[in-house]
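Colleague: I would like to learn how to read a few features of a model. Please take them one at a time, starting with the terms.

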Amino acid sequence: MRCRLPRRSLAALRAGAVALTVAMSVAVVGGTTSAAPAKASSVTSVQKDGRTWHLKVYSAAMDQEITVDVQRPVDESTPAPNLWMLNGLDGGEGTASWKAQTDALQFLADKQVNVIQPIGGRGTYYTDWQKPDPKLGVNMWKTFFTEELPPLLDSTLNSTGLNALAGLSTSGTSVLQLAEAKPGLWKGVAAYSGCAQIADPAGKQFVKFSTETWAGGDTKNMYGPDDSPLWAENDPVINAEKLRGTQLYISSGSGIPVMEDVQYYLSSAPGVTGAINLTLGVVIEAAVNGCTANLKNKLDSLGIPATYQFNPVGTHYWPYWEEALHKSWPMLAASMQIQA
C-alpha cells in the first residue's frame with residue numbers, strides 16, 4: 001500500500017529539495033572558484049650564520065618572499081632596537097650595498113642594535129606602485145616596510161620596538177617618504193645624498209633617470225603620468241610637516257670633486273666610461289645638494305629641527321655616505337634610546 005502525501009506537502013518537499021540542490025551547487029562552485037583565504041605575512045625561515053640572521057619574509061602585499069639580513073646586537077641576550085639600513089639603487093641585489101661598499105657592519109658590530117638590511121627592490125624607491133611593472137614586477141614596499149615587517153621583526157628578534165632608519169642616494173629619498181608615511185614608526189631618520197623633491201620637473205627627472213634609465217622600469221606604473229597628484233603626495237618637501245617629532249640627520253655634498261673622487265671614478269671604469277661616471281657623480285650630487293637645501297628651508301619655515309651636514313666638496317659615492325653614517329650615529333642611537 002502506497003502512502004500518498006498531500007499535494008501541498010509534496011510541493012513543499014520538492015521546493016526543499018531544489019533549495020538544497022542549489023545550496024550544494026553554490027557550495028561546490030564556491031569551493032572550486034572562490035579565492036583561497038589570504039596568506040598572512042610571516043617570517044618563513046631563519047638561517048643563522050653567527051651573528052648574522054638571514055630571514056625570509058613573506059609579504060602578502062607583494063605575494064613574494066623578501067630576504068632580510070640582520071646583524072644581531074653585541075649582546076643577543078638583551079632586547080635591542082632596530083636600525084634599518086636601506087641600500088642603493090640596486091636594492092642590495094648587486095654591489096650597491098652598505099655591506100659591500102662600506103665599513104657599516106663592522107662599525108656597528110659592537111653596538112647594542114639589530115642592523116636590518118632588506119635585500120631587493122632595485123629601482124623602486126621602496127614605495128607602493130600603482131600597477132605591476134613589466135620589468136620590476138609588483139612593488140608594495142611602503143606597505144611591507146610600514147605595516148608588514150615591523151611587528152615580524154619585533155617578535156622574531158625580541159626587539160625593544162624602537163626603530164631608526166638610514167638611506168643613501170635613491171633610498172635617501174625613500175627614508176624621508178617612509179617616515180612621512182608612518183610618523184613615529186622610526187624615531188630617527190638619516191638621509192644621505194637623497195633628493196627630497198620629486199614633484200617638481202627636476203625631481204621627476206631624477207626619479208626617472210634612476211627608475212627608467214638605469215633600472216628599466218616605468219614611473220607611470222609607480223606614480224602615474226607627470227600630472228598625477230601622486231607625485232606631490234609622495235614628495236618629502238611638500239609633506240615635510242609629517243616629519244615633526246622625528247629626529248633627523250640630513251647630509252649632502254656640493255658636487256665639487258677632490259682628487260680621491262677623480263681617482264675613484266677613473267680607476268673603477270676604463271677610459272671614457274670613468275670620465276662619464278665622474279661627470280654624473282658631480283652633477284647628481286650638485287642636484288641633490290639643491291634638493292637638500294630646499295628641504296632645510298621648508299623644515300626651517302615649519303620650525304622642525306634637524307641636524308645638517310653640508311659638505312663643501314664631495315661627489316655622489318660611498319666614502320661620503322660611510323662618513324655620514326659615523327657622524328649621524330650618535331643621533332640615531334639617541335633616538336633608539338641606546339648608548340652611542
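Modeller: Helices (H or I, at least four residues) and strands (E, at least two) are DSSP runs, numbered from the N terminus. This is a predicted model, in which local features need pLDDT of at least 70 and side-chain atom pairs count only at pLDDT 80 or more, while totals for chains, interfaces and linings use all residues. Residues are numbered from 1 along each chain as its sequence is written, and side-chain values use heavy atoms, with hydrogens and water left out.

Colleague: What is the strand order in the open sheet?

Modeller: Two strands pair if DSSP finds at least two bridges between them. Here nine strands form an open sheet in the order β1-β2-β3-β5-β4-β6-β7-β8-β9, and the pairing is mixed. β1 (42-49) and β9 (307-311) are at the edges with a single partner strand each, so one side of each has no neighbour in the sheet. Within the sheet, β4 (residues 82-85) and β5 (residues 114-119) run parallel and are joined by three bridges. Trp84 stands opposite Ile116 in β5.

Colleague: Which strands does helix α4 lie across?

Modeller: Contact means heavy atoms within 4.5 Å. Axes are lines fitted to C-alpha atoms, for helices over the stretch in contact, and angles run from 0 to 180 degrees between N-to-C directions. Helix α4 (residues 141-157) lies across β1, β2 (52-59), β3 (64-71), β4 and β5, at about 130° to β2. Helix α5 (residues 170-181) lies across β6 (163-168) and β7 (188-192), at about 150° to β6.

Colleague: How many disulfides does the structure hold?

Modeller: A disulfide is a covalent bond between the sulfur atoms of two cysteines; the test is a pair of cysteine sulfur atoms within 2.5 Å. The structure holds one, formed by Cys195 and Cys291 with their sulfur atoms 2.1 Å apart. This pair links distant parts of the chain, 96 residues apart: Cys195 is in the loop between β7 and α6 (201-214), Cys291 in helix α10 (residues 271-302). The torsion about the S-S bond of Cys195 and Cys291 is about -50°, so the disulfide is left-handed.

Colleague: How many cavities are there of 30 Å³ or more?

Modeller: Rolling a probe the size of a water molecule over the atoms shows where empty space is left. On a 1 Å grid over the protein atoms alone, a cavity is a set of points where a 1.4 Å probe fits but cannot get out; lining residues have an atom within 4 Å of a point. Grid points are joined across faces, edges and corners, and a volume is the space filled by probe spheres set on the points. The count is three cavities of 30 Å³ or more, and the largest cavity holds about 80 Å³ of space. Its lining has 13 residues, of which Ser193, Ser252, Gly253, Asn311 and Tyr320 are the closest to the centre. β8 (247-253), β9 and α11 (318-335) each supply at least two residues of that lining.

Definitions and conventions. On a 1 Å grid over the protein atoms alone, a cavity is a set of points where a 1.4 Å probe fits but cannot get out, and a pocket is an open set with protein on both sides within 12 Å along at least five of seven lines; lining residues have an atom within 4 Å of a point.
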